[in-house]
Amino acid sequence: MQFHVITLFPEVCAAYTDASVLGRAQKTDKGKGAKVRGKKIEVKYYNPRDFTKDKHKKTDDKPYGGGPGMVMYAEPILRAWDKAVGKHVRNSKNVGKKDQKKVKTVIMSPRGRVFTQEVAKEFAREYSHLVLISGRYEGIDGRVKEALGAEDMSIGDYILTGGELPALAIIDSVSRQIPGVLGTFESLEDARATSGETYTRPETIVYKKKKYTVPKILTEGNHKLIESYRKGDASLS
Ligand code: SAH
């Protein structure tokens with residue numbers, strides 16, 4: 001899966017996607033034991049500022065019709081999109097059939113369809129390129145959505161100052177659905193996503209003079225009981 005993020009703050013996002021599980025998933029895995037070799041994901045960044053044509057590299061302007069805030073220009077974003085995936089799209093020139101890849105374009109917007117685990121699975125299954133367009137200020141000129149046939153997507157019923165966190169949330173959860181991104185241990189954790197609390201050493205901690213001990217069932221070694229406990233059998237806790 002290739003993620004293409006169009007954002008005014010690529011370095012902010014890259015700090016996150018280069019770390020830990022996502023960072024590893026972008027490296028070539030040549031290990032003998034690796035189930036899926038090679039890079040599992042790629043994350044590329046495009047700054048609309050680099051696709052402006054004026055000397056001030058202006059990316060936003062006042063909204064038509066008045067109102068507060070600034071709106072991001074459509075054209076630098078459209079040029080960034082062309083650079084990212086233009087060559088993979090059916091209607092572009094000089095594209096041989098085998099170069100045509102499944103491209104999905106998503107615009108971060110608090111008014112869009114709400115992103116869920118189901119959507120994460122759908123994206124991982126259906127597409128090989130996911131373009132995530134992050135807004136700032138009052139948002140993005142509406143013609144971007146129209147021109148690219150993009151979908152608005154929200155990560156929840158609250159308003160953030162920009163689309164960077166939403167884009168990262170989507171990259172993170174879609175990546176977890178891609179074979180080989182999670183190690184065996186973490187995959188097990190995935191299957192238990194809906195299970196209860198987890199604990200690690202030490203068995204007892206003391207905080208402000210009060211003792212907190214791990215549920216007994218988890219330390220006694222009865223694996224059947226442990227499984228039922230994890231499946232949420234509350235009578236066991
Ligand atoms: N008044 C604007 C809000 C802009 S918030 C509106 O109604 O659309 C600034 C940017 O942050 C948006 O362009 C969007 O990219 C991002 N954003 C804010 N909250 C978000 C959310 N819950 N989900 C996805 N993107 C969000």
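Predicted model: local features only at pLDDT ≥ 70, side-chain atom pairs only at ≥ 80, totals over all residues.
Local features need pLDDT of at least 70, side-chain atom pairs count only at pLDDT 80 or more, and totals for chains, interfaces and linings use all residues. Residues are numbered from 1 along each chain as its sequence is written, and side-chain values use heavy atoms, with hydrogens and water left out.

Trainee: Is Asn-47 buried or exposed?

Mentor: Start with where Asn-47 sits: in the loop between strand E2 (42–46) and strand E3 (60–61); strands are DSSP runs of at least two residues, numbered from the N terminus. Its relative accessible area is 12%. Buried means under 20% (1.4 Å probe, protein chains only), so Asn-47 is buried.

Trainee: Which residues does Asn-47 touch, not counting those up to four places away in sequence?

Mentor: Contact here means heavy atoms within 4.5 Å. With that cut-off, the residues are Thr-7, Leu-8 and Pro-10.

Trainee: Which residues are the closest to the ligand?

Mentor: Nice one! Being near means having a heavy atom within 4 Å of the molecule. The ligand is surrounded by 19 residues, and the closest are Met-108, Arg-111, Glu-138, Tyr-158 and Leu-160.

Trainee: How far is a polar backbone atom of Gly-135 from an oxygen atom of the ligand?

Mentor: A polar contact is a pair of N or O atoms within 3.5 Å. For Gly-135 and the ligand oxygen, the distance is 3.0 Å.

Key. Helix = DSSP H or I, 4+ residues; strand = E, 2+ residues; numbered from the N terminus. Buried < 20%, exposed > 50% of the residue type's maximum accessible area, 1.4 Å probe, protein only. Polar contact = N/O pair within 3.5 Å; in protein donor to acceptor, adjacent residues only side chain to side chain.
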